[in-house]
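Please read this report beside the sequence and the coordinates.

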Amino acid sequence: MNKVMLMGRLTRDPEVRYSQSANPVAVARYGLAVRKQFAKQGEPDVDFFNIVAFGKAGEFAEKFFRKGQMVAVVGRLQTNSWEDQQKVKHTSIEVVVEEQHFAESKSSAESRGVMTNSPLDTMSPVSAPPSSNPVDGFMPTTMEEDDDLPF
């Protein structure tokens with residue numbers, strides 16, 4: 001099984017190109033920085049991944065995703081190998097998108113200076129239950145006192 005789930009911040013705006021086929025297909029590419037839960041001293045605390053989205057997913061990424069935005073991606077790993085003009089072999093690994101989702105609220109992104117153009121902009125706001133500790137615009141779910149958190 002080849003399945004990858006990542007959540008992180010876009011390192012750049014998605015760049016879209018179209019295939020040269022009879023029916024052109026959008027191909028969006030963007031970078032994702034994913035914070036490591038644990039990092040050894042002196043090692044980077046972030047991993048960087050190359051993401052590619054095809055078709056409608058690529059068009060969606062181009063229209064709604066912006067650098068700095070928190071997104072969640074589900075996909076598969078794909079390895080590409082090629083030889084350059086000097087006969088040097090190269091390999092790259094990228095995540096091919098099967099699903100992609102917003103992972104932060106619009107207000108949180110805008111407060112950090114990320115301009116959004118979310119499809120949710122046209123929807124009426126939904127009132128959330130009052131909370132004394134909202135995090136990035138999200139409200140915690142209610143839990144019973146004897147429920148244990150998995151983390």
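The sections below start with the basis of the values and then turn to the chain itself.

## Basis of the values

This is a predicted model, in which local features need pLDDT of at least 70 and side-chain atom pairs count only at pLDDT 80 or more, while totals for chains, interfaces and linings use all residues. Residues are numbered from 1 along each chain as its sequence is written, and side-chain values use heavy atoms, with hydrogens and water left out.

## Fold and burial

The chain has two helices and six strands, where helices (H or I, at least four residues) and strands (E, at least two) are DSSP runs numbered from the N terminus. In sequence order, these elements follow the pattern β-β-β-β-α-β-β-α. Of the 151 residues, 29% count as buried, a term that stands for under 20% relative accessible area, with exposed meaning over 50% and partly exposed the range in between (1.4 Å probe, protein chains only).

## The largest nonpolar core

A nonpolar core is a set of buried Ala, Val, Leu, Ile, Met, Phe, Trp, Tyr and Cys residues joined through side-chain atoms within 4.5 Å. The largest one here has 18 residues, of which L6, Y30, L32, I51, F65 and V73 touch the most other members. Two or more residues come from each of β1, β3, β4 (46-54), α1, β5 and β6 (89-102), and β3 gives the most, with five residues.

L6 belongs to strand β1 and, because its relative accessible area is 12%, counts as buried. Although L6 and L32 are 26 residues apart in sequence, their C-alpha atoms are 8.5 Å apart in space.

## Aromatic pairs

Five aromatic pairs are found in the structure; rings of Phe, Tyr and Trp (its six-membered ring) pair if their centres lie within 6.5 Å, and planes under 30 degrees apart count as stacked, over 60 as edge-to-face and the rest as tilted. In the pair of Y30 and F65, the ring centres are 5.9 Å apart and the planes stand at 90°, so the pair is edge-to-face. Y30 lies in strand β3 (residues 26-35) and F65 in the loop between α1 (55-64) and β5 (70-83), so this pair ties together parts that are 35 residues apart in sequence.

Y30 is buried at 0% relative accessibility, and F65 is buried with a relative accessible area of 0%. Ring pairs link Y30, F60, F64, F65 and F102 into a cluster.

## The loop between α1 and β5

Q69 also lies in the loop between α1 and β5, and its relative accessible area of 2% makes Q69 buried. The side chain of Q69 reaches the backbone nitrogen of R66 at 2.8 Å.

M70 is placed in strand β5 and is buried, with a relative accessible area of 19%. Between M70 and S105 the separation is 35 residues in sequence and 9.0 Å in space, C-alpha to C-alpha.

## The second largest pocket

A pocket is an open set of points on a 1 Å grid over the protein atoms alone, where a 1.4 Å probe fits, with protein on both sides within 12 Å along at least five of seven lines, and lining residues have an atom within 4 Å of a point. The second largest pocket holds about 210 Å³ of space, and its lining consists of M7, G8, R9, A33, V34, R35, V46 and M70. β1 (4-10) and β3 each supply at least two residues of this lining, which divides into five nonpolar, one polar and two charged residues.

Methods: Points joined across faces, edges and corners; volume = space filled by probe spheres on them. Nonpolar A, V, L, I, M, F, W, Y, C, P; charged D, E, K, R; others polar. Polar contact = N/O pair within 3.5 Å; in protein donor to acceptor, adjacent residues only side chain to side chain.
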